[in-house]
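Here is a short report on one model. Read it with the coordinates open.

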Amino acid sequence: MAYTKPIPDPDPVHRPYWEGAREGKLMLPRCTTCNRVHWYPRLLCPFCHSREIEWIEASGEGRIHTFAVQHRAFGGWADEVPFVTAYIDLHEGDRMFTVLRGVDPTKPETIRIGAKVRVEFERANDEVSIPFWRVVEE
Amino acid sequence: MPGALSRAAAIIGAAEADEIGYPATPKTALQLHIEAIKNVSEQTGIPISRIDGVFSAGWSSQLAEHLGLRPKYIDTTSVGGCSFEMHVHHALAAIHAGIIDVALISHGENGWSARATGGRGTGRPRGAPDPWDPGQQFQAVYGVAGAPSNYAHAMTRHNYRFGSTPEDFAHIAVVTRQWAMLNPRAIMFSKETNPGGGPITVEDVQNSRVVAWPLTLLHCCLVTDYGGAVLVARPEIARSVKTKPVWIAGAGESMGHQNMLEMEDFTATSAAASAAAAYRMAGMGPEDMEMAMIYDSFTVTAGITAEMLGLAPRGEGFMLWKDGRAAPGGKFPINTNGGGLSFNHSGMYGMQLLVEAYRQLSRTAEDGVTGLPGKQVDARSCIVNGTGGSLSTTGTLILVAD
C-alpha cells in the first residue's frame, strides 16, 4: 500500500540518518570530542561545539519520555486519527519524536511513561524509510 | 537595588483596533495594526509623527512606510507570542541609551479573518514550509500540526511528574472564563455574544471535544483577530501626556529551544530565567507582585508559567486558579481580560497581555467597552509573561503603577 503521509526530503546534513533508515539502521550523530550523542543532527556538537562528529549505529532502544494522543491532523495523517505521538529518550542519550506503535490510542491511561520501546522502519518509497517506535516487553 | 534600566521608560498608552474578535467582514492584519496605532496616538495625544522607534513582530519596515515614518530604531523581532514583551525590553534599552524618545510597539493579526480570505492579508508568506528544516524532517513527518498537538506532551509529563490531573488544569479555563464575563469585548463574554460563551464548569472543560489528549477544546485558546498598540516613552514625555504612565520596573527575556525536540524539561520553560532577569532589574520579587498577566495559549501554559515566575511552588501552579486566588474578587488576579482562552487570541497573544496590564495599572480597566464593574483590580504591580513557539521563548516584564 502506498505511503500517503508526508515523506521527508533529506538534506545534506541529515542524509546519513535517512540513508541508515533505508537500510533498517538507526544512525545517530556522536561528537568524538565529548563522546555525547545528540539529536537532531548538527554542524557543531551542541554540547561542546566541536566540529568532530561521527555517525554511529544505535541500539534502537529507548523509553517513552512523554506522549499525547492526536485527534486532529492534516493530510495523510488525518485518516489515522486518533494516533499517539511520543518523545523517546534514546538509550544512547538525547531525545527523538515519533508516532508510537503497539499502543491503544483510545486508552491513553494504559500508556506508561518510561515504557521500553524499540525502533522499526516503514518503507515510504524507494529512497526513504521512516523510523517508528513500538512499545515492547521489558 | 533596581538595575540601571529600571523605570527608564514607561508605557504611556495602550489601545486596540476598532473591531477585534470575529469581525463580520474580514480584516487584514495591516488594518488591525493601523487602527490600533491611530487609537493609541489619539489616546495619548502623541502624534504618529513623533514616533522614532518602530517595534513589531515582522512588520516594522512595512508599518514605518505606511505611516511615512523615518525611524531611528527598527526592531522586528518575531519569536512567537512573547515578541511584544521582548519589544518592550528592547525599547526600554534603546530609550535608556538615548537613541529614541517614543517607541511604537504594534501588533495586527487576522487569525479569524484569514479563514475567510484563504490565508490572504496575513502579511506572512503563503508557501509550504522548507522541507529541509529539521522540524519538518523530524517532527512534521509524524503528523503534528499546530500548537495543541505539541503542547499536549507537556501536560502529560506534568501529570506524570507531579501527580497533577487535567481536571486541575481545567480550573484555569473555568476561572479565566469568569474574567471574560466582565469584558464585553471577549469572545466568550456571554451566551448572547457566542453560543459557547458564559459560565463553564470543570466538567464542561473535560467533556469538550478532545483536540490532542489530554487537551480538550476548552483547554485551548481561541483563534481571533486582534490589533493592539502601545507607546513606550522616556520619563519626561511620560509625565507630560494626558494618559497615566505605567512604569517598566523590570524586563527580561530568554529561550529554552525553538523546536520541542530540544525541550529539556517538559514541565519548565525559560520563564524562570526571563523572570529572574526582570525581578533583578526591578529589585523586586514574586512576593511584591499583586497581579499577573500570563500567556494562556493552553491551560498548561499558564499553570507551568505561574510556577516559573515563582508565584506558586513547582507542580502546583494550577492551585492559584483552583483555590480562587486568580478569580474576580480573589487575592491575586490573573488574566483579567479573560485570557487567550476566553477573550481573544490572534495567534501571538503577547500584545493582549500588555494592553490589559496597562489598563489595570492605569486604572482604566472599567470603561464599559473593555471592562464592566468588578474588572478593575487594585493591584499596583503586575508581572507580565509572554510565551512563544512551543513553550520555546519567553519575555517577562514587571510593570508598576505611577
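Predicted model: local features only at pLDDT ≥ 70, side-chain atom pairs only at ≥ 80, totals over all residues.

Residues are numbered from 1 along each chain as its sequence is written, while chains are lettered from A and ligands numbered from 1 in the order in which they are written.

**Helix 11 of chain B**

Helices (H or I, at least four residues) and strands (E, at least two) are DSSP runs, numbered from the N terminus. A residue is buried if 20 or more other C-beta atoms lie within 10 Å of its own, exposed if 12 or fewer, and partly exposed in between, with C-beta atoms placed from the backbone. On that scale 10 of the 10 residues of helix 11 of chain B are buried, so this helix is largely enclosed by the rest of the structure. Among them are B:Thr299, B:Gly303, B:Glu307 and B:Met308.

Contact means that the C-beta atoms of two residues, placed from the backbone, lie within 7 Å. The buried residues of helix 11 of chain B pack against helix 6, helix 7, helix 10, helix 12 (319–322), strand 9 and strand 10 of chain B. Helix 11 of chain B is followed by B:Gly310, which has a positive phi near 80 degrees.

Axes are lines fitted to C-alpha atoms, for helices over the stretch in contact, and angles run from 0 to 180 degrees between N-to-C directions.

| Helix pair | Axis distance | Angle |
|---|---|---|
| Helix 7 (residues 166–180) and helix 11 (residues 299–308) of chain B | within 9 Å | roughly 100 degrees |
| Helix 6 (residues 147–162) and helix 11 of chain B | 9 Å | about 55 degrees |

Angles under 35 degrees count as roughly parallel, over 145 as roughly antiparallel, 65 to 115 as roughly perpendicular and the rest as oblique. Helix 6 of chain B is therefore oblique to helix 11 of chain B. The crossing of these two helices is left-handed (the near helix is turned anticlockwise from the far one by less than a right angle; clockwise would be right-handed). B:Tyr151, B:Ala154, B:Met155 and B:His158 in helix 6 meet B:Val300, B:Thr301 and B:Ile304 in helix 11 of chain B. This contact has 5 nonpolar, 2 polar and no charged residues. Ala, Val, Leu, Ile, Met, Phe, Trp, Tyr, Cys and Pro count as nonpolar, Asp, Glu, Lys and Arg as charged, and the others, Gly among them, as polar.

For the other pair, B:Phe169, B:Ala170, B:Ile172 and B:Ala173 in helix 7 meet B:Thr299, B:Val300, B:Ala302 and B:Gly303 in helix 11 of chain B. Here the classes are 6 nonpolar, 2 polar and no charged.

**The sheet of chain B**

Two strands pair if DSSP finds at least two bridges between them. Chain B has an open sheet of 9 strands in the order 3-2-4-7-1-8-11-10-9, with mixed pairing. Strand 3 (73–75) and strand 9 (291–294) of chain B are the edges; each has a single partner strand, so one side of each lacks a neighbour in the sheet. From one strand to the next, the twist averages 25 degrees.

Strand 8 (residues 246–255) and strand 11 (residues 393–401) of chain B pair antiparallel over 9 bridges. There B:Gly250 stands opposite B:Ile398. Helix 10 (residues 271–282) of chain B packs on the sheet and touches strand 8, strand 10 (381–388) and strand 11, its direction making about 145 degrees with that of strand 8.

**A loop residue**

B:Pro184 lies in the loop between helix 7 and helix 8 (202–207) of chain B. B:Pro184 is partly exposed, with 16 other C-beta atoms within 10 Å. Leaving aside neighbours within four places in sequence, its contacts are B:Phe189, B:Val369 and B:Leu372.

**Chain A and the interface**

Strand 7 (residues 129–135) of chain A pairs in parallel with strand 5 (residues 95–101) of chain A over 2 bridges. Strand 6 (residues 116–123) of chain A pairs antiparallel with strand 7 over 7 bridges. A:Arg134 stands opposite A:Arg101 and opposite A:Arg118.

Between the chains, 27 residues of chain A are in contact with 24 residues of chain B. The largest share of the chain A side, 5 residues, comes from strand 3 of chain A. That side divides into 16 nonpolar, 6 polar and 5 charged residues. Strand 3 of chain A also runs antiparallel to strand 5 (residues 210–213) of chain B, joined by 2 bridges. A:Val69 has B:Trp213 as its bridge partner.
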